[in-house]
Amino acid sequence: MKKISLPILEVSLCVILFVLGCSSDDSNVDDHNGDVDENSDYTLKKVPVASGLIQPWGMVFLNESELLVSEKNGGVRHVVLGSDQNTEIYKVDAAAEQGQGGLLDVALHPDFELNGKVYFTYTKENAGEFTTALAQAVFADKQITDFRELFESDAYTSSGTHFGSRLVFDEAGYLYFSVGDRGSRDDAQNASNHIGCVIRLHDDGSVPADNPFVNDPDYRDEIWSYGHRNIQGLALHPETGEIWSHEHGPQGGDEVNVLQKGENYGWPEVSYGEEYGGGTIGDTARDGFVDPLHVWTPSIAPCGMSFMHGESYPGLNNAIAIGALAGQHVNITLFSGESLSREIRFFEGEGRVRNTAVSPSGILYIADESSGEIYRIDVIVE
Ligand SMILES: [Ca+2]
């Protein structure tokens, strides 16, 4: 346990406003651009509220001041923000820390207040191969108990890359989680396996009867959407109830998507990215494949995604707040419907931001995996 260093770090940066449409060569993407609000300039500052975390990956609010944080090494921490209370309360022994894999995301059941159920995604090993799995446990009295695997995807490969994974519930209580392409990208186009897909399940791990492929003997019943490269952001839109995602492109071509039942998101047949070192990958758009809402080229390597809500950040209600690993910033992107209206980058070059989370009252927090710290994001009123 480490004490929080106070006073507040003087790390405030001015907002950098990107007028999109000037920065992209993809006409198909520029079509999504909208108006830019030029009256949005204000300054944000990072306030450290927890430290001593080891590669924090997932984080979820228990209430306005307490978090559960998953660490890549399998640790589950109970963190009281702004205090020195930062306790490892559980170790997920089933999580295999391998390459990009380990303990990944954490989420609360929609009826958590009643049943205490929490969910985890993690990398699982079997005979030298690895896949992404889902587990359920119970959190009560600052303890995790009853940890049990609910579902194991069949995305086993020997690769240590592209496990996903994020986990979110929709308004109806269905659970969605992502499985990356596992370094076997052509399999992302094959829905007879779980490679490169989003899985939709009931809270007990069973398959909903209205999943898109339950009547198709060739496709896996658990799949909701496929053709994804590596989704590390999933979030429930607070107004529309849609599940939004983002995914890593290879060299360029990171995407924001809205997940639709049974749809194919293209990878690697359709992509705005290119091969590492150069060379096109398929087409940028094609009939039968869903076009992304937004594309980042060059890649920012997005990780974690939360919808902003409330009045704490003027002009940013319903924006998505995303961490950038390679991009090393906090990316706040606002859409008007499904049209991009603006993108703001904060804290550029200040560390690999692994995750974002918005508190029940609407305050944004970020987890920096480089420093093992969580920061609250405050507005400086000028
Ligand atoms: Ca795509």
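A: Let's start with strand 18 (residues 254–258) and strand 19, which pair in the antiparallel sense over three bridges. Helices (H or I, at least four residues) and strands (E, at least two) are DSSP runs here, numbered from the N terminus, and two strands pair if DSSP finds at least two bridges between them. Looking across this pairing, V256 stands opposite H294 in strand 19. Two notes before going on. This is a predicted model, where local features need pLDDT of at least 70 and side-chain atom pairs count only at pLDDT 80 or more, while totals for chains, interfaces and linings use all residues. Residues are numbered from 1 along each chain as its sequence is written.

As background, strands of a sheet pair through backbone hydrogen bonds, either parallel or antiparallel.

Another open sheet of four strands has the order 4-5-6-7, and its pairing is antiparallel. Strand 4 (56–61) and strand 7 (86–91) are its edge strands, each pairing on one side only. The twist here averages 25 degrees from one strand to the next. Inside this sheet, strand 6 (residues 75–80) runs antiparallel to strand 7 and is joined to it by five bridges. V76 sits opposite Y90 in strand 7.

I374, found in strand 26 (residues 373–380), touches V49, A50, L53, P56, V79, Y365 and A367, leaving out residues up to four places away in sequence (contact means C-beta atoms, placed from the backbone, within 7 Å). I374 is buried, with 26 other C-beta atoms within 10 Å; a residue is buried if 20 or more other C-beta atoms lie within 10 Å of its own, exposed if 12 or fewer, and partly exposed in between, with C-beta atoms placed from the backbone. The C-alpha atoms of I374 and V47 are 8.4 Å apart, although 327 residues separate them along the chain.

Two of those I374 contacts, Y365 and A367, point to the next pairing. Strand 24 and strand 25 (residues 364–368) run antiparallel and are joined by five bridges, with D368 as the bridge partner of V353. These strands form a hairpin with five residues between them, where G362 takes a positive phi near 105 degrees. Six of the six residues of strand 24 (residues 353–358) are buried, so this strand is largely enclosed by the rest of the structure.

D187 lies in the loop between strand 13 (175–179) and strand 14 (197–201). D187 counts as buried because it has 20 C-beta neighbours inside 10 Å. Its contacts beyond four places in sequence are D181, N193, I195 and G196. W267 is 80 residues from D187 along the chain, with 9.4 Å between their C-alpha atoms. Y219, by contrast, sits in the loop between strand 14 and strand 15 (223–226) and counts as partly exposed, with 19 C-beta neighbours inside 10 Å. Leaving aside neighbours within four places, Y219 is in contact with A191, S192 and F213. Y219 and A191 are 28 residues apart in sequence and 5.0 Å apart, C-alpha to C-alpha.

Finally, the whole chain: there are two helices and 26 strands, and buried residues make up 46% of the 382 residues. Of the contacts with a separation of 6 or more, 58% are between residues 24 or more positions apart.

Conventions:
Axes are lines fitted to C-alpha atoms, for helices over the stretch in contact, and angles run from 0 to 180 degrees between N-to-C directions. Two residues are in contact if their C-beta atoms, placed from the backbone, lie within 7 Å.
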